[in-house]
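Let's take a walk through this one, starting at the metal and then moving on to the aromatic rings.

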Amino acid sequence: MRIGHGFDAHRFAAGRRLVLGGVDIVHPLGMEAHSDGDVVIHALCDALLGAAGLGDIGRHFPDTDPRWKGVDSRVLLRDVGAQLRAAGLRIANVDLTVVAQQPRLSPYFEAMQANLAADLGLARPQVNLKGTTTERMGFTGREEGIAAFAVALLEGP
Ligand code: MG
């Protein structure tokens, strides 16, 4: 068994989409980022790469590379999934926590989990997503941005 952890945070910005777990969220502000700023998928990629001993998302998809400008993060997640399979690793389960004061994300969780499961070839119960606020404390509490944590358990060599 191999365990990995991932964390990501992005700042809110006007005139940007808010995409989390590959789902477009209705909100006046989006995420400032080189890619689509999907913190949920970025944290998950880092957890998976970490468990596999393959470094981090910045090493595989550097934000200095124009290829990844505005990229749909689901493309990155599918690439990470393929790298794990190539290394003979199987995902047992992943668990994520999204930290956001606003907007309320629970109505989107089912669609987000379905996207993550589909991109990684997992059954729906292998992907768990949770949400929390920080009771108005810190940068998420002040609604400056959104953060996400992920853990992943892998089986294999
Ligand atoms: Mg990121």
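Here is a short tour of the metal site and the ring pairs. What you see is a predicted model, in which local features need pLDDT of at least 70, side-chain atom pairs count only at pLDDT 80 or more, and totals for chains, interfaces and linings use all residues. Residues are numbered from 1 along each chain as its sequence is written, and side-chain values use heavy atoms, with hydrogens and water left out.

Start at the magnesium ion, held by Asp8 (OD), His10 (NE2) and His42 (ND1) at 2.1 to 2.3 Å. Donors here are N, O and S atoms within 2.8 Å of the metal (3.2 Å for Na, K and Ca), and since water is not among the atoms, sites may look incomplete. Along the chain, the spacing of these donors reads D-x1-H-x31-H. The two histidines link distant parts of the chain, 32 residues apart: His10 sits in strand S1 (residues 2–14) and His42 in helix H1 (residues 39–52). Helices (H or I, at least four residues) and strands (E, at least two) are DSSP runs, numbered from the N terminus. Both His10 and His42 are buried, meaning under 20% relative accessible area, with exposed over 50% and partly exposed in between (1.4 Å probe, protein chains only).

Now for the rings. Those of Phe, Tyr and Trp (its six-membered ring) pair if their centres lie within 6.5 Å; planes under 30 degrees apart count as stacked, over 60 as edge-to-face and the rest as tilted. That rule gives two aromatic pairs. Phe7 and Phe149 make a tilted one, at 4.8 Å centre to centre and 45° between the planes. Phe7 is in strand S1 and Phe149 in strand S7 (residues 145–155), so this pair ties together parts 142 residues apart in sequence. Phe7 is partly exposed at 38%, and Phe149 is partly exposed at 35%. Phe61 and Trp68 pair edge-to-face, at 5.0 Å and 85°; Phe61 is buried at 9%, and Trp68 is buried at 14%.
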